[in-house]
Amino acid sequence: EQGYDVKTVANTTSFDVWAIVAHGDSIWVLTDRNLRRISRTATPPRLVSLIYETPAGRPLGMRLMDVAPNGDVYVGSEEGVRRYRVGGVTEDLTATNSPLASDDVRAIAVRGPEVWVATAAGAARFSGGAWQAFGTAQGLPSDDVRALAVDPADMRLWAATPAGLAI
């Protein structure tokens, strides 16, 4: 059996990392204070861009993310979703200004052109420029959606709830 040599990436030891996503030639890194894009093809890996940084001393508070095919980054927290669009525009989505059933975001999953968001009170899908809400009335076993997974074999979306799974 061949061994695997694990190495710390240089200049990242001060990162308090909450999420990472591989997309194209980049690794997107979400820390407690910023969102960064790192080149995964450079040797050694290097910072390509700093997408967002909080004001000094203030934690970002975001804990999960995914990247859409067009390069938009969706980051989730207990305060909703922040969408970082290609070109630098930022959009905050909450239960007040979108179909998110709750600001407590549990998971984000990109499935082709669709973005799915799981919250403590239901799920929402962004597709074709519009949002659609999902809950028990649409077939979920519970409104408390805790995790999402896209099956790469058939692109079906799986949702995990405390009352079972849904596809």
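So, strands and helices: this chain has 15 strands and 0 helices. Keep in mind that what we're looking at is a predicted model. How compact is the protein chain, for its 167 residues? Well, its radius of gyration is 17 Å, close to the 15 Å that the globule rule gives, so the chain is as compact as a globular protein of that length. If you follow the C-alpha trace along its principal axes, you get spans of about 50 × 45 × 30 Å.

A few more overall values. Of the 167 residues, 40% count as buried. The accessible surface comes to about 9,400 Å², and carbon and sulfur atoms account for 51% of that. And if you take contacts between residues at least 6 apart in sequence, 32% of them join residues at least 24 apart.

Strand S11, residues 122-127, and strand S12, residues 130-134, run antiparallel, and 5 bridges join them. Which residue of S12 stands opposite Phe 126? That's Trp 131.

As a reminder, most residues other than glycine have a negative phi, and most peptide bonds are trans. With that in mind, have a look at Met 155. It isn't a glycine, and yet its phi is positive, about 65°. Where does Met 155 sit? You'll find it in the loop between strand S13 (147-150) and strand S14 (157-161). Is Met 155 buried, exposed or something in between? Its relative accessible area is 37%, so Met 155 counts as partly exposed.

Going from Thr 43 to Pro 44, the bond is cis, with omega near -5°. Pro 44 is in a loop as well, this one between strand S3 (34-39) and strand S4 (46-53).

Last stop, the surface. Which residues make up the nonpolar patch there? They're Trp 158, Leu 165 and Ile 167, and together they have about 330 Å² of accessible area. Let's pick out Ile 167, which lies in the segment after strand S15 (164-166). Why do we call Ile 167 exposed? Because its relative accessible area is 61%, and exposed here means over 50%.

How values were computed
Residues are numbered from 1 along each chain as its sequence is written. This is a predicted model: local features need pLDDT of at least 70, side-chain atom pairs count only at pLDDT 80 or more; totals for chains, interfaces and linings use all residues. Side-chain values use heavy atoms; hydrogens and water are left out. Helices (H or I, at least four residues) and strands (E, at least two) are DSSP runs, numbered from the N terminus. Buried means under 20% relative accessible area, exposed over 50%, partly exposed in between (1.4 Å probe, protein chains only). Patches are made of residues with over 30% relative accessible area and no salt bridge: like charges are joined within 9 Å, nonpolar side chains (Val, Leu, Ile, Met, Phe, Trp, Tyr) within 5 Å. Accessible areas come from the Shrake-Rupley method with a 1.4 Å probe; for residues, only the protein chains shown count as cover. A salt bridge is a side-chain nitrogen of Lys or Arg within 4 Å of a carboxyl oxygen of Asp or Glu. The radius of gyration is taken over C-alpha atoms; the globule rule is 2.2 Å times the number of residues to the power 0.38. Contact means heavy atoms within 4.5 Å. Two strands pair if DSSP finds at least two bridges between them.
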